[in-house]
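Visitor: I am new to reading protein models, and I would like to go through this one slowly with you. Could we take one feature at a time, with the general idea before the case?

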Amino acid sequence: MSHLLVVRDLVKRFGGLVATDHVNFDVIPGEVHAIIGPNGAGKTTLISQLAGELHPDGGAIEFEGQDISRASVPARALLGLGRSYQISQIFRDFSALENVMLAVQSHAGHSFEFMAPVATDAALVAPAQAALDLVGLGSRAQVPVAAMAHGEHRQLELAMTLAGNPKVLLLDEPMAGMSLKESEEMIALLKSLKGKYGIILVEHDMDAVFALADRISVLVYGRIIVTDVPDAIRNNRDVKDAYLGDGEALA
Ligand SMILES: Nc1ncnc2c1ncn2[C@@H]1O[C@H](COP(=O)(O)OP(=O)(O)OP(=O)(O)O)[C@@H](O)[C@H]1O
Ligand SMILES: [Mg+2]
């Protein structure tokens, strides 16, 4: 089976701190590969290197067999690495549809300067509406972002990411700050996307991780201590000691 993404011996240092310590990691087509680990383990640092926002000090990142270690953020996005948009990148006075249209346009390589024409550009409407439909916001297309609930903002971020036609989704804590009901909806949404994309899921919500992951890698102090299927991770003594404590997180 050919891999979508392969990370070899990746190293990132912040001064004396080794935030990514010789990490080996891969994603196969259609799988959800979760990364779990304590606060400060280096999960976000790893995602940022995959997206190209941070440059590694050593090792390599390959996407569909191509070395992308030195590729820019936009170049990686065009190849198919989709990092989740943050709400801070969303225009709150614009409708959900207009925001996704901007994401479609920006992925197509146009400039944000042409914001007025974009609102009337029919070519952007269809893919934007399709992305909204995919995340369950189809009927909310015309609602201004400012009037939407927090959970809907997170769905919108995902729609904007999907608008770029990614092959791998890089999701850093998609359930953060969500109510129980909102996270259940997000889990259902990600389940519906499962198999269509490779998904790297960084998440502290163990219900979400165990509901979604095909494989789980456990990161501790910058090192992956184990990669395995969920049942094996659940019963792994080192994982319990390092992260899951007495196992209560899995109760
Ligand atoms: N730009 C930076 N400069 C210096 N140190 C950094 C920088 N970014 C992260 N670090 C440090 O690197 C380590 C890993 O941080 P990172 O944010 O990747 O952890 P994380 O696993 O995402 O944690 P959390 O679960 O809290 O989100 C931490 O010790 C952090 O303080
Ligand atoms: Mg983080």
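Guide: Ser192 lies in helix α7, and since this is a predicted model, what we say about this residue is computed from predicted coordinates.

Visitor: How far apart in space are Gly40 and Arg237, C-alpha to C-alpha?

Guide: These two are 197 residues apart in sequence, and their C-alpha atoms are 21 Å apart. Gly40 has its place in the loop between β3 (32-36) and α1 (43-51), and because its relative accessibility is 78%, Gly40 counts as exposed.

Visitor: Now to a helix: how many residues does α6 have, and how far does α6 reach?

Guide: Helix α6, residues 150-162, has 13 residues and reaches 19 Å from its first C-alpha to its last, which is close to the 18 Å expected at 1.5 Å a residue.

Visitor: How many of the residues of α6 are buried?

Guide: The count is 12 of the 13, so α6 is largely enclosed by the rest of the structure. Among the buried residues are Gly151, Glu152, His153 and Arg154, and the list runs on to include Met160, Thr161 and Leu162. What covers them includes the strands β6 (81-83) and β7 (168-172), together with the helices α3, α5 and α7 (180-193).

Visitor: How should I read the packing of α6 and α7, and at what angle do they pack?

Guide: The general idea is to compare the directions of the two axes, where an angle under 35 degrees counts as roughly parallel. Here α6 and α7 pack at an angle of about 20°, with their axes 9 Å apart, and they are therefore roughly parallel to each other. The crossing in which α6 passes α7 is right-handed.

Visitor: Which residues of α6 and α7 meet?

Guide: From α6 come His150, Gly151, Arg154, Gln155, Leu158 and Leu162, and these meet Glu182, Met186, Leu189, Leu190 and Leu193 in α7. Divided by class, the residues of this contact are six nonpolar, three polar and two charged.

Visitor: At what angle do the axes of α3 and α5 cross?

Guide: The axes of α3 (residues 96-107) and α5 (residues 122-134) come within 8 Å and cross at roughly 115°, and that makes α3 roughly perpendicular to α5. The contact is made by Ala96, Leu97, Val100, Met101, Val104 and Gln105 of α3, and on the side of α5 by residues including Leu124, Val125, Pro127 and Ala128. The crossing of α3 past α5 is right-handed.

Definitions and conventions:
Residues numbered from 1 in each chain as written. Chains lettered and ligands numbered in written order. Predicted model: local features only at pLDDT ≥ 70, side-chain atom pairs only at ≥ 80, totals over all residues. Heavy atoms only, no water. Axes fitted to C-alpha atoms, helices over the stretch in contact; angles between N-to-C directions. Helix = DSSP H or I, 4+ residues; strand = E, 2+ residues; numbered from the N terminus. Parallel < 35°, antiparallel > 145°, perpendicular 65-115°, else oblique. Left-handed = near helix turned anticlockwise from the far one by under 90°. Contact = heavy atoms within 4.5 Å. Expected span 1.5 Å × (residues − 1). Buried < 20%, exposed > 50% of the residue type's maximum accessible area, 1.4 Å probe, protein only. Nonpolar A, V, L, I, M, F, W, Y, C, P; charged D, E, K, R; others polar.
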